[in-house]
Amino acid sequence: MRYAICFTPSASDPLTLVAANWLGRNVYSGEMVDPPAVRGLGIHEIAFYTAVPRRYGFMGILKAPFRLAEDMSEAGLLRDLMRFSGTVAPFEIPRLEVARLGGALGLVPSAPSQQMHFLAASLVQTFDQYRAPLSEAEIERIDPDGLSATQFANLHRWGYPHVMDEFRFQMMLTGTVSPADMARIERALRDFFEPALAAPVPVSNIALMMEEGAGGPFRVHSLHPMGKVSARKIA
């Protein structure tokens, strides 16, 4: 079992509902959602391109998935995350937009969010004690040969290459898209998500995500409100 510390909008947020419809799974309940009707895209095509982000759910990673260290417990992780969240003031991302992320598509802030960058760096450092060391197999799956020197150092120090100065906040909407389909799917995503991207995105909770079994889907385990010391268990 692995955990991850992430941001995802509240369960009732319009963006959460639109993303669940697109990905085919609700990140809170874990339930599958009927595929959307999108002009120019077939149901099976959507299912194929959303297979990877469907497993992780609609979220932006702040601290990458990790196994608990041998001397750490879920109860301790929950307690410390609750305390940490209470020390961080809520903020907003003025706007999210659909963007190309390598060969995939996702949502990113329209302008870099220094507050999100600081939050992610703080979480990576504060909760590193809870992370079990990566196994050789886990390191190989990340493909260390394709990393820059800084990313390689991050991988061995923090368990993930894209942290600190290498961090970019993103909420994935597809896996790798073929070049021939990229422009068409990008247009469809912009049209599909446009109504839910008109308003600023409040960042008022930190989500603890939990993997269901080895290699299973992730879902929200608990939400930890920022600015006050409390946590809400998701049934």
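1. **Ground rules.** This is a predicted model, in which local features need pLDDT of at least 70 and side-chain atom pairs count only at pLDDT 80 or more, while totals for chains, interfaces and linings use all residues. Residues are numbered from 1 along each chain as its sequence is written, and side-chain values use heavy atoms, with hydrogens and water left out.

2. **The largest pocket.** Start here: this pocket has a volume of about 1,200 Å³. It has 39 lining residues, and the closest to its centre are Tyr 56, Ile 61, Pro 65, Tyr 160 and His 162. (A pocket is an open set of points on a 1 Å grid over the protein atoms alone, with protein on both sides within 12 Å along at least five of seven lines; a cavity is a set of points where a 1.4 Å probe fits but cannot get out; lining residues have an atom within 4 Å of a point. Grid points are joined across faces, edges and corners, and a volume is the space filled by probe spheres set on the points.)

3. Strand 2 gives the most to the lining of the largest pocket, six residues. Helix 3 (51–56), strand 2, helix 6 (136–141) and strand 6 (171–172) each supply at least two. Helices here are DSSP runs of H or I with at least four residues, strands are runs of E with at least two, and both are numbered from the N terminus. By residue type, the lining divides into 22 nonpolar, nine polar and eight charged. (Nonpolar covers Ala, Val, Leu, Ile, Met, Phe, Trp, Tyr, Cys and Pro; charged covers Asp, Glu, Lys and Arg; the others, Gly among them, are polar.)

4. **The second largest pocket.** About 220 Å³ of space lies in this one. Its lining has 13 residues, with Pro 112, Ser 113, Phe 167, Arg 168 and Phe 169 nearest the centre. Helix 5 (114–126) and strand 5 (104–109) each supply at least two residues, and the largest share, three residues, comes from helix 5. The lining splits into eight nonpolar, four polar and one charged.

5. **The cavity.** Counting those of 30 Å³ or more gives one cavity, and the largest cavity holds about 50 Å³ of space. Lys 63, Ala 64, Pro 65, Val 124, Arg 131, Trp 158, Gly 159, Tyr 160 and Val 163 line it. Strand 2 (residues 60–66) gives the most to this lining, with three residues. Six of the lining residues are nonpolar, one is polar and two are charged.

6. **Helix 1, end to end.** Within helix 1 (residues 14–23), the buried residues are Leu 15, Thr 16, Ala 19, Ala 20, Trp 22 and Leu 23. Seen down the helix axis, these fall within an arc of 165 degrees, so they line one face of the helix. (Buried means under 20% relative accessible area, exposed over 50%, and partly exposed in between, with a 1.4 Å probe and protein chains only; the arc is that of the directions from the helix axis to the C-beta atoms.) Asp 13 caps the N-terminal end, with a side-chain oxygen 2.8 Å from the backbone nitrogen of Leu 15. After the helix comes Gly 24, whose phi is positive, near 90 degrees.

7. **Asp 128 and its partners.** The count comes to 13 salt bridges, each being a side-chain nitrogen of Lys or Arg within 4 Å of a carboxyl oxygen of Asp or Glu. Asp 128 meets Arg 131 in one of them (3.0 Å, N to O), and both residues are buried. Asp 128 also forms a salt bridge with Arg 157, the closest N and O atoms being 3.2 Å apart. This second pair links distant parts of the chain, 29 residues apart: Asp 128 is in the loop between helix 5 and helix 6, and Arg 157 is in helix 7 (residues 149–158). Asp 128 counts as buried because its relative accessibility is 15%, whereas Arg 157 is partly exposed at 43%.

8. **A pair inside helix 8.** Asp 181 and Arg 184 form a salt bridge with their closest N and O atoms 2.9 Å apart. Both lie in helix 8 (residues 179–193), three residues apart, about one turn of the helix. Asp 181 is buried at 17% relative accessibility, and Arg 184 is partly exposed at 27%.

Note on methods. Polar contact = N/O pair within 3.5 Å; in protein donor to acceptor, adjacent residues only side chain to side chain.
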